[in-house]
Structure formats: C-alpha cells, structure tokens
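Visitor: Could you walk me through this structure and the words used for it?
Guide: Gladly; let us look together.
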Amino acid sequence: MKHSARTQRSLFLAAAVRFTALALVTAFVLTAAGCSKKSAAANTNGTLSASSATDSNTEEQTYTRNIIIGFSQIGAESAWRTCNTLSMKTAAAEAGIQLLFSNAEQKQENQIKAIRSFIVYQVDVIVFVPIVQDGWDNVLQEAKEAHIPVIVIDRKIRTSDESLYTAYIGADHVEEGRKAARFLQEKYKDTNKTLNIMEIRGTDGSSVSEGRYQGFREILKDDDRFNIIYSETGDFLRSMGKELAERILSVDGTLSVNGTPVDIIYSHNDSMTLGFLDVFEEYGIEGGKDVTIVSVDAEQAIIDALAEGKVNCVVECNPKTGPLVMEFVHRLTNNRPIPKITRIEETVFTENDDISKIEPRGY
Ligand code: GYE
C-alpha cells in the first residue's frame with residue numbers, strides 16, 4: 001500500500017515510537033487477551049503477535065501489508081462476544097491487516113488503558129466496543145489529537161462531540177426491544193388477561209441494555225395487559241442468569257415475584273436465558289410452556305431450545321461484523337470516506353417458524 005502524506009518521516013518516527021511501545025503493548029496484549037493457542041505460539045518464538053485465526057501464511061501476509069489496527073474488546077461474557085472477537089480476528093487476517101487485540105475483561109478502565117497504548121503505538125485505526133456509553137471523551141480526544149480515526153462497533157457511546165469518533169457499526173438495539181414486544185402482542189392478541197413480565201437486563205449503562213429496555217417499553221406502554229413486575233440485571237452472563245433464577249425460585253419453588261406469578265420472561269441475551277433454563281430443569285419448570293420466553297442474540301444453543309419449545313421467540317443480534325470493519329479500515333487508510341452510522345440487518349425467529357430451516361448460527 002502506498003503510504004499517504006503520513007510521510008516516510010512520520011513512518012520513521014512511528015517505527016522508533018513503535019519499538020519503544022512494543023514492549024508495553026506486547027506485555028499488555030499477552031496478559032489481557034489470553035491469546036488463542038495459535039497466536040500464543042507465535043508469541044513464544046519472539047515475533048510480534050498479531051492475532052490471526054488462519055494459517056501461518058496469513059501471518060506472513062499480515063506483516064507485508066502493514067496496516068495496523070488496535071481492537072479493544074470488552075471481554076468474553078457470551079457466545080455472542082466470542083463470535084464477535086473471532087469475526088474481527090478472522091477478517092483482519094483475511095484482509096492482511098495486523099490486529100492488536102485487547103480483552104478488557106469487562107472493565108472500562110482496561111479499555112481506556114488499551115486505547116492509550118494503541119495511541120502510543122500509533123496504530124492506523126482504533127476499533128473498540130464501548131462496554132458502557134459514558135466516559136470516553138478524554139481518551140477519544142487523545143486519539144483525535146494523534147490523528148488516529150476511531151471506529152466504534154456493537155455498542156454506542158454517549159458524547160457531546162460526535163467528531164470524537166469516525167464511524168459506528170452495529171445493530172439497532174431499540175428496534176430489538178420493539179421486536180420482542182411485538183412478538184408478545186401478536187402471541188397474546190386474543191387474550192385480555194393481565195400478563196406479568198420478568199425482565200432480565202444486560203450490563204447497566206450499556207447502550208445495548210438501554211436500547212432493549214426502551215424499545216420494549218415503547219411498544220407496550222399503551223397496552224395495559226402487559227405488566228413489568230420485575231427488572232434485574234444479569235450483566236449478560238449465564239452464571240448471573242442462573243443466580244437470579246435460583247434467587248427467585250428458592251423463595252417458594254414457583255416462578256413468582258412477591259407471590260405474583262410470572263407469565264413472561266424477557267431476557268436481554270441468550271446466555272442469561274440459558275442460565276434460567278439450567279435452573280428450570282431442577283425445579284421442573286418448562287420454559288416455553290409454563291412461562292413464555294423471549295430472548296435476544298440467536299446463538300445456536302437458544303435456537304436448539306426454540307426447536308425444543310423451551311423458548312418462544314429469539315430476536316437476532318448479529319456478531320459477525322469483522323469483514324465490514326476491515327473494509328472500512330481499508331477505506332479509511334486509503335483516504336476514502338465511510339458512513340458515520342452503519343446498521344446491521346437482523347431478523348426474528350419464533351415458535352411459528354420452521355426452525356429446521358434456520359442456518360447453523362456459528363456461535
Ligand atoms: O447481546 C450479548 C453480549 O453488545 C450486542 O453483548 C452485544 C451484547 C449481546 O454480551 O450477548
């Protein structure tokens with residue numbers, strides 16, 4: 001690739017800075033990422049690790065192309081997240097882009113540290129998933145002053161200065177909440193009885209959980225039949241889903257809140273839903289029958305549960321954004337424009353569909 005005005009001089013400077021930053025970043029990446037066996041192998045023989053999901057040729061190719069991006073991922077809390085990470089790593093390898101990967105293990109301060117390291121290292125583009133919406137302006141201002149474009153993926157940030165990031169790629173999480181509610185209105189169109197809802201929220205402060213919370217209520221606000229009697233965060237974790245289910249069921253063995261039976265569970269992600277289904281088995285509760293369940297993500301395990309009638313509706317959220325991100329990185333590093341906002345198309349799978357026709361999810 002012909003280098004832009006980011007002249008040979010700044011490249012020489014960059015190389016010098018990179019060398020000093022290398023120790024910093026390498027130490028950070030190794031500890032944080034828990035690199036896959038493959039890239040870990042590369043590290044042990046002393047070469048710089050650029051996480052690649054395919055064979056050694058790709059690593060060779062990666063170095064020659066010389067576009068370097070820093071990717072700050074929030075963690076590995078769900079099958080969705082793991083797939084998102086793999087999509088990024090695979091797409092980078094296939095695009096010949098070197099990807100410095102950081103796993104923040106669910107901590108915003110680790111993401112801020114990683115972004116600062118990417119700035120020191122003078123990567124070409126920074127890509128990150130903001131675990132929560134607020135608190136990014138300072139570090140993004142530093143990236144801006146270093147002339148490093150930032151692509152925000154999956155979750156959104158809340159900022160007073162939209163110029164602090166170049167582009168957002170992700171789903172419409174408010175619409176995901178609306179889709180969940182519309183399914184319930186359709187399912188219960190012929191009943192007038194009150195329907196009590198238990199909501200399991202995702203990570204509080206995240207744009208995803210806020211969107212799924214808002215969109216759901218937006219649709220149901222004028223429908224008095226639906227009554228949200230419980231809303232608690234499970235932080236998108238299967239373990240927390242289990243914990244909440246045990247806490248609720250251990251009271252009197254029934255799925256109820258202060259004696260009020262729960263008719264519907266609205267869960268912000270499949271991992272938490274699977275946690276509930278784990279515990280339901282112990283209590284002989286049939287998900288999908290004794291209680292209607294609506295979940296979001298559409299990982300394979302929940303599609304299997306849908307096929308078994310254990311859940312009733314699954315709102316898709318697509319984690320495979322890697323190829324699009326790499327396409328935008330190529331455009332950016334060739335001074336070509338990219339759209340500010342790019343929404344990922346998604347669907348809904350319900351108990352009324354022919355589940356056998358659903359393609360394997362890959363996560
Ligand atoms: O729904 C959940 C993950 O940010 C859309 O994060 C993502 C969410 C996804 O933990 O499984």
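Visitor: What handedness does the crossing of α4 and α12 have?
Guide: The crossing of α4 and α12 is right-handed; that word applies if the near helix is turned clockwise from the far one by less than a right angle, and left-handed if anticlockwise. A word on sources: this is a predicted model, where local features need pLDDT of at least 70, side-chain atom pairs count only at pLDDT 80 or more, and totals for chains, interfaces and linings use all residues. Residues are numbered from 1 along each chain as its sequence is written, and side-chain values use heavy atoms, leaving out hydrogens and water.

Visitor: Why is α4 called oblique to α12?
Guide: The axes of α4 (residues 79-95) and α12 (residues 322-333) come within 8 Å and cross at roughly 45°. That makes α4 oblique to α12, because angles under 35 degrees count as roughly parallel, over 145 as roughly antiparallel, 65 to 115 as roughly perpendicular and the rest as oblique.

Visitor: What makes Tyr188 and Phe226 an edge-to-face aromatic pair?
Guide: Their ring centres are 6.3 Å apart, with 70° between the planes. Rings of Phe, Tyr and Trp (its six-membered ring) pair if their centres lie within 6.5 Å; planes under 30 degrees apart count as stacked, over 60 as edge-to-face and the rest as tilted.

Visitor: How do you know whether Leu306 is buried or exposed?
Guide: Leu306 has a relative accessible area of 4%, so Leu306 is buried: buried means under 20%, exposed over 50%, partly exposed in between (1.4 Å probe, protein chains only). Leu306 sits in helix α11 (residues 300-307).

How values were computed:
Axes fitted to C-alpha atoms, helices over the stretch in contact; angles between N-to-C directions. Helix = DSSP H or I, 4+ residues; strand = E, 2+ residues; numbered from the N terminus.
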